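Here's a quick briefing to read with the structure open. Take a look around first, then we'll go through it by topic.

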Amino acid sequence: MKFGIMVNEGPYQHQASDTAYQFAKAALAKGHEIFRVFFYHDGVNNATRLTIPPQDDRHIVNRWSELAQEHNLDLVVCVAAAQRRGLLDENEASRNGKDANNIAPGFRISGLGQLVEAGIQADRLVVFGD
Amino acid sequence: MLHTVNKSPFEKSALASCLKHATAGSAILLIEDGVYGALDKTSFSDQVRAVMPTCGVYALGPDLDARGMSGRVMDGVKVVGYDGFVDLVAEHPNVQAWL
Amino acid sequence: MTEEHEMEGEGGVIKKFMFVNRKAPYGTIYALESLEVVLISAAFDQDVSLMFLDDGVYEIVKGQDTKGIEVKNFSPTYRALEMYDIEKLFVSKESLEERSLTEDDLLVDVEVLDHTQVAELMAAQDVVLSF
């Protein structure tokens with residue numbers, strides 16, 4: 001089965017990103033496919049490479065990057081939500097005259113159409129939020 | 001339909017709303033803070049018990065364990081892991097998150 | 001926006017998409033950002049419904065004046081939905097009554113459903129997006 005996953009909240013503040021990650025891992029372990037993980041609202045903050053969480057706790061951003069690399073996952077961050085919250089890749093930074101970018105490896109910034117497409121193409125779309 | 005509820009019924013109306021709108025044959029999965037809705041002898045227990053004849057009620061074990069609540073789950077609630085969560089999503093034709 | 005080419009799902013798949021709105025406007029961003037998804041979904045030619053339930057009914061009441069809080073008033077956007085062929089707007093009867101609201105208080109045309117009808121409609125969807 002193909003799953004789409006939507007993450008609506010940022011790392012640490014809410015459990016949404018953790019639960020989504022555990023769900024994704026379990027789905028992959030069962031041989032399912034993850035069509036896309038789409039990060040919206042504060043969920044875009046799961047894609048910043050600048051987090052420095054305490055060493056004795058999980059590294060939420062890196063976990064997503066590693067899972068994406070291991071399973072070739074498509075982690076998509078909504079461009080409008082990202083712009084609102086200051087989450088940029090190199091392209092977005094230079095297009096908007098910003099002096100830095102902060103996106104973590106394995107994530108890409110794209111439009112809301114990617115979420116709708118995930119709803120259409122996946123067999124199930126599971127939402128994790130507040 | 002699979003309904004997921006992630007907030008405590010004492011904090012938000014999500015579970016109450018979900019219970020009002022779950023059709024017969026649905027499954028309700030309590031996750032994150034929603035697992036407090038699975039507990040026995042609370043002022044909310046009867047509301048959850050009331051849907052059990054027509055809906056499957058499930059709670060995510062790791063979330064119960066994290067909160068020290070595994071020993072307080074009411075009879076009739078099925079405790080599942082993340083693999084069970086995945087199975088529930090696959091088994092039902094659609095899924096709705098009550099946030 | 002109406003000039004944008006219409007994107008269909010591959011193979012012309014049409015799914016029933018429901019956007020469930022249960023939160024009041026302005027206190028959080030969910031109402032606004034969910035509306036942004038709704039507008040994008042118009043380009044995909046899917047069977048789109050909006051459901052306003054619980055505090056979500058407050059998103060579409062008339063008379064929103066945001067000058068004092070210096071936040072953009074996005075409520076006029078709900079009236080633009082029909083320009084994008086998004087016309088299936090549903091509201092929970094109980095949610096209106098609990099809040100002493102009637103259809104006359106709303107800024108768009110809606111179909112009012114009781115909780116049994118809401119439940120049945122939700123169960124019939126392919127994709128449900130909650131915010």
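Which residues of H1(C) are buried? They are C:Tyr30, C:Ala31, C:Glu33, C:Ser34, C:Leu35, C:Val37, C:Val38, C:Ile40 and C:Ser41, where buried means 20 or more other C-beta atoms, placed from the backbone, within 10 Å of a residue's own. This is a predicted model, where local features need pLDDT of at least 70 and side-chain atom pairs count only at 80 or more, while totals for chains, interfaces and linings use all residues. Residues are numbered from 1 along each chain as its sequence is written, and chains are lettered from A and ligands numbered from 1 in the order written.

**Helix H1 of chain C**
- H1(C) covers residues 30-41 and spans 16 Å from first C-alpha to last, close to the 16 Å expected (1.5 Å times one less than its number of residues).
- Nine of its twelve residues are buried, so call H1(C) mostly covered.
- The cover includes H3 (79-85) and H5 (113-121) of chain A, along with S1 (16-21), S2 (47-52), H2 (76-80) and S5 (127-130) of chain C.
- Helices (H or I, at least four residues) and strands (E, at least two) are DSSP runs, numbered from the N terminus.

**Where B meets C**
- Chain B puts twelve residues into the contact and chain C puts in 15 residues (contact: C-beta atoms, placed from the backbone, within 7 Å).
- On chain B's side, helix H1 (14-21) and strand S5 (95-98) each supply at least two residues.

**Confidence**
- Chain C has a mean pLDDT of 93, with 92% of its residues at 70 or more (pLDDT is the predictor's per-residue confidence, from 0 to 100).
- Residues 1-6 of chain C have pLDDT below 50, and this stretch has four contacts beyond near neighbours in sequence.
- The model scores ipTM 0.98 and pTM 0.96.

Definitions and conventions
Two residues are in contact if their C-beta atoms, placed from the backbone, lie within 7 Å.
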